[in-house]
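Keep the sequence and the 3D view side by side. Please follow each stop in turn.

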Amino acid sequence: MRDVLASVDQPLRLVFGADRPVYISTSSATGFMEAAIRNLSRRRTLCLVGGAFGARFHAIAERCGVPADRLDVDWGDPHTPNLLRDALNEAPGRYDLVTVVHSETSTGVLNPVPQLSEVVAGFEDVLLAVDGVTSVGGTKIEFEAWGVDFLLTGSQKALALPPGLAFAVASERALARARSIPSRSFYFDLVEFDRRAREFSTTNTPAVSLFYALQCQLERMFAEGLEERFARHERMARRTAGWTAELAASTGASFDVLAPEGYRSPTVTAVSLPEGVSGTAIVAGLAEKGITIAPGYGKLKEAVIRIGHMGDHTEAELEVVLESTTAVVEATMHSTVANVASDGGAE
Ligand SMILES: *Cc1c(COP(=O)(O)O)cnc(C)c1O
């Protein structure tokens, strides 16, 4: 086990852009989200919420009894540096932790983490915790250069592993904060994770089979090359946006990428649908063809469809997904038009 852990140490650091050990937890990513909340805040946390996973950070804080506020934007909008600066300026000293989701999987928004981190650095004693579940392994991450304090991911999204593992890096400041909080959780104690990671050991019984999968997947990722992997995701995101514009033009209906340009995730695209076109109906139509995409999340359930282009997905596979989606959308719209015609077509 020690050999396995030693062999994944350097590759994982490269994936995170970190000069520090990457902790591995036998849990899903939400476990390390809870670790951030419980280990990193003594006073009050500001949770940036622009989608379902941003809201999850706040829900965890509530459930753990950690005081927290939400800074909400409309789902589909990013959190800009000015918005965060204003919120922190409004109540100096109120917050000691900010949470943000890098790639908000529920909306396809990529938040500007380097710029947000710069803002946070301007306030004394405030840490920044980042959920990178659909960004780490999917796009270039620079933990050190960005000055982030805690960055986490899970195994089953951009890393394209089976579910069951979570990964995180913590800064020295984050560890100092954790040490100062006696009730920082037992299973998710970052101080213990740090100590064990440095010995190529784990805090508790590891899910050994998944660590072998990790070792294998990292080899595959580096065989492709990280830069090439990230470029492939970028190309797939651009292709999906281009397809969305083509669909809008060919149907004359308002299909659009939900996230504004400049803030689009390279790993997942949420496409907003015109009035009367149902997200779940499109997902069901594709399922009949053996293709899995996702409807919107939470309150966007019917209003968007989400197409994942992360992990090991290829551009050729994406073409099949997009072509099939076009066919299902066109069939859905025709049947909607036919229904309208048979309802009120007499006039
Ligand atoms: C999927 C996801 C999570 C939750 O991951 P689990 O592995 O289910 O705990 C958290 N954040 C983001 C951005 C996600 O996409």
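This is a predicted model: local features need pLDDT of at least 70, side-chain atom pairs count only at pLDDT 80 or more; totals for chains, interfaces and linings use all residues.

Start with the nonpolar residues. In soluble globular proteins, nonpolar side chains tend to be buried together. Here the largest nonpolar core has 44 residues. Ile 24, Leu 46, Leu 84, Val 98 and Phe 167 have the most contacts inside this core. Helix 1, residues 2-16, supplies the largest share of the core, 6 residues. A second core is separate and has 33 residues. Phe 53, Leu 97, Ala 168 and Ala 197 are included in that second core.

Now pick out Leu 46.

Move to Phe 53 in the second core. Phe 53 sits in helix 3, residues 52-64. Is Phe 53 buried or exposed? Phe 53 has a relative accessible area of 12%, so it is buried. Beyond four places in sequence, its contacts are Met 33, Val 101, Glu 104, Thr 105, Ser 106, Asp 131 and Tyr 297. Take Thr 105 from that list. Thr 105 and Phe 53 are 52 residues apart in sequence, yet their C-alpha atoms are 7.4 Å apart in space.

Next comes helix 10, which spans residues 226-251. Thr 244 is in this helix. Its relative accessibility is 1%, so Thr 244 counts as buried. The Thr 244 side chain reaches the backbone oxygen of Thr 240 at 2.7 Å. With residues up to four places away left out, Thr 244 touches Phe 255, Asp 256, Val 257 and Val 271.

Arg 232 also lies in helix 10. What does a relative accessibility of 8% make Arg 232? Arg 232 counts as buried, because buried means under 20% relative accessible area. Gly 311 is 79 residues from Arg 232 along the chain. Their C-alpha atoms are separated by 9.8 Å.

Glu 315 is found in helix 12, residues 315-344. At 32% relative accessibility, Glu 315 counts as partly exposed. Besides Arg 232, Glu 315 touches Arg 235 and Met 236, with residues up to four places away not counted. The side chains of Glu 315 and Arg 235 make a polar contact at 2.9 Å. Trp 75 is 240 residues from Glu 315 along the chain, and their C-alpha atoms are separated by 28 Å.

Finish with two helices. Helix 7 covers residues 172-179 and helix 8 covers residues 190-198. At what angle do helix 7 and helix 8 pack? The angle is about 125°, and their axes are 8 Å apart. That angle makes helix 7 oblique to helix 8. On the helix 7 side, the residues that meet helix 8 are Leu 175, Ala 178 and Arg 179. Helix 8 brings Leu 190, Val 191 and Asp 194 to the contact. The residues of this contact divide into 4 nonpolar, no polar and 2 charged.

Conventions. Residues are numbered from 1 along each chain as its sequence is written. Side-chain values use heavy atoms; hydrogens and water are left out. Axes are lines fitted to C-alpha atoms, for helices over the stretch in contact, and angles run from 0 to 180 degrees between N-to-C directions. Helices (H or I, at least four residues) and strands (E, at least two) are DSSP runs, numbered from the N terminus. Angles under 35 degrees count as roughly parallel, over 145 as roughly antiparallel, 65 to 115 as roughly perpendicular and the rest as oblique. Contact means heavy atoms within 4.5 Å. Ala, Val, Leu, Ile, Met, Phe, Trp, Tyr, Cys and Pro count as nonpolar, Asp, Glu, Lys and Arg as charged, and the others, Gly among them, as polar. Buried means under 20% relative accessible area, exposed over 50%, partly exposed in between (1.4 Å probe, protein chains only). A polar contact is a pair of N or O atoms within 3.5 Å; within protein, one must be able to donate a hydrogen and the other to accept it, and residues adjacent in sequence count only if both atoms are side-chain atoms. A nonpolar core is a set of buried Ala, Val, Leu, Ile, Met, Phe, Trp, Tyr and Cys residues joined through side-chain atoms within 4.5 Å.
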